[in-house]
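Reader: Could you walk me through how to read a fold like this one?

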Amino acid sequence: MALVEEEKKVEEVKGGELLFCGTTAWDAMGRRRTSPEENLVSPTRLRPLMGVEIRSVAAGCVSCHCVALDVQGRCYTWGRNDKGQLGHGDKVQRDRPTIVSELSQHKIVKAAAGRSHSVVVTEDGISLAFGWNKHGQLGSGSAKTEIESSPIRCQVSEVKTAVCGGDFTVWLTSVEGSSIITAGLPQYGQLGHGTDNEYNTKDSSVRLAYEAQPRPKAIAALAGETIVKVACGTNHTVAVDKNGFVYTWGYGGYGRLGHREQKDEFSPRRVDVFTRHNVLPVDAVVSAGSANCACTAGGGQLYMWGKIKTSGDDWMYPKPLMDLSGWNIRCMDSGNMHHFVGADSSCISWGHAQSGELGYGPHGQKSSAVPKKVDILEGMHVISAACGLAHSLVVVDRANIADRLEQLEVHDGKAAVEVTEEPDDNDVAEKAPKKGPAKKSQTSNKRKNNSESSSEDENNSEYESENSDEISNGQSKQGRGGGRSSGRGRGKSAAPAKKGTGRGRGRPPSEPKATKSSEGKGTGKRGRPRKS
């Protein structure tokens, strides 16, 4: 095992060239359909990072921002910044990768990105976080400050790695008996502590909320195990212990936990497929998308479970993905509904995509139901891969491919201008439906929550719905009154306007407004800067 770890380290520290594909319209991502000129449909070099030795990249399956680390331990962030998730001390969107200056005294070796927060780990086992902290996902011990736009210290020590779900964070540490620690939103049991911390907001109210957990806490059920790998979806977690056993917990819709049922699990539950003769090897790859999980088991065979395609049956338990049999898979990541794999000397992608995030090029298909090579990267060695809501990042080894890199397009990005403060547009989406009585949206929420839980999650897989916060809340709002979680997601009141046609008295007139405000961004009155 030590030998494998050593080889991995050498590979990671090597560094390479970062390539990007998907949409560059960070403010629009998931809120409206992006125009072709805003999308990079082929893997593209980013000018600020040309020649920089990037060791790893991070993006969460519902995140609209990116984090990259170079071999010197510097941390670069770019993308949407409405909650300070880039760590630059402001809420100004960055189109170009920018060094997080407040981390310059640390050597950063690991990074992770959630919906609107980021977490990094230093060489000496310290973890720092920045961004949205409404649910305590930064692990600072307090959720009083909702937005932390500069890095703050997490209350964990001896950290080996960190990963982020939508609104929660998981750390792996070398502390005996506390190898896995979690903080953040407990709504579906994704923290693994046996509870969702649900309570009534007032004695007389049926409105439910979920108590934030800002203080990182070790998962008691796994105290006797040493967890060595972990991955997070929007509201679920998958972990592997040193013996190769796999555990999942959190939101269970579409079978994403692999237990042959759709029940939420509030504590880690072992996946029975990976026991006895099929435990995971030490160099296994583990990944989680917004509604699915994947890992490599014996012989390097890739298994997947959950919502694998936008149509067709869900996989309620892990099944081998035969298309990738025989490939030596080194790294993998999953986005909202797309996947990227680095295997042998190829880069493979597939899934549902709208913005070029599969990297098939201007003449290639947008989406693919089956794994397919990214032709322009054929023969390149992929070091790291990351998938966000509507974008993908890969790091390729520069050895022997200098001439081929020269042929790739280069994206400049706009310089950071003090323009967009994201909440403005969201406020429009919120204000439109508020003309009727205040109770109306709550009533429609109740109606909405009475419909079957999985219909909400459908929104989550179709990222081109209206608003990225709303989509990812697609998962966060379903089942057990999830939507009543103290008004998470800013596009909240716009959602009922979309679905509740004709219900509620004032609904039909306000529907066009809500639509206008969510889809018409970038044109007309609001004056949002837009590429011509």
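What follows is a short tour by question and reply.

Reader: Before we start, what kind of model is this?
Author: It's a predicted model. Keep that in mind for every value below.

Reader: Now the sheets. How do strands of a sheet pair?
Author: They pair through backbone hydrogen bonds, and the sense is either parallel or antiparallel. Take an open sheet of five strands here: the order is β29-β30-β1-β2-β31, and the pairing is mixed.

Reader: Which strands stand at the edges of that sheet?
Author: β29 (382-387) and β31 (410-411) do. Each has a single partner strand, so one side of each is left without a neighbour in the sheet.

Reader: Where do the antiparallel and parallel senses show up?
Author: Go pair by pair. Strand β1 (residues 17-23) runs antiparallel to strand β30 (residues 391-396), with six bridges between them. To find your place there, look for Glu17, whose bridge partner in β30 is Val396. β1 also pairs with β2 in the antiparallel sense, over four bridges, and Thr23 is opposite Asn39 of β2. Then comes the parallel part: β2 and β31 pair in that sense over two bridges, with Arg45 standing opposite Val410 in β31.

Reader: Is β2 largely enclosed or largely open?
Author: Largely enclosed by the rest of the structure, because seven of its eight residues are buried.

Reader: Next, cavities. How many of 30 Å³ or more does a search of the whole structure find?
Author: Six. The largest cavity holds about 50 Å³ of space.

Reader: Which residues line the largest cavity?
Author: The lining consists of Phe20, Thr24, Trp26, Leu40, Leu46, Trp78, Asp95, Pro97 and His411. The elements that give two or more residues to that lining are β2 (39-46) and β6 (94-99). By type, the lining residues divide into six nonpolar, two polar and one charged.

Reader: Let's zoom in on one residue. Where is Ile348 found?
Author: Ile348 is in strand β27 (residues 346-351).

Reader: Is Ile348 buried or exposed?
Author: Ile348 is buried: the relative accessible area is 2%, and the cut-off for buried is under 20%. Leaving aside residues up to four places away in sequence, Ile348 touches Leu324, Trp327, His339, Phe340, Val341, Ala343, Pro371, Lys372 and Lys373.

Reader: Last topic, backbone angles. Which residues should I look at for positive phi?
Author: Two examples will do. Tyr254 has phi near 65°, a positive value in a residue other than glycine. Asn400 isn't a glycine either, and its phi is positive at about 65°.

Reader: Where is each of them found?
Author: Tyr254 is in the loop between β19 (246-250) and β20 (265-270). Asn400 is in the loop between β30 and α2 (402-407).

Reader: And are those two buried or exposed?
Author: Tyr254 counts as buried, at 5% relative accessibility, whereas Asn400 is exposed, with a relative accessible area of 79%. The cut-off for exposed is over 50%.

Key. Residues numbered from 1 in each chain as written. Predicted model: local features only at pLDDT ≥ 70, side-chain atom pairs only at ≥ 80, totals over all residues. Heavy atoms only, no water. Buried < 20%, exposed > 50% of the residue type's maximum accessible area, 1.4 Å probe, protein only. Contact = heavy atoms within 4.5 Å. 1 Å grid on protein atoms, 1.4 Å probe; cavity = no way out; pocket = protein on both sides within 12 Å on 5 of 7 lines; lining within 4 Å. Points joined across faces, edges and corners; volume = space filled by probe spheres on them. Nonpolar A, V, L, I, M, F, W, Y, C, P; charged D, E, K, R; others polar. Pairing = 2+ DSSP bridges.
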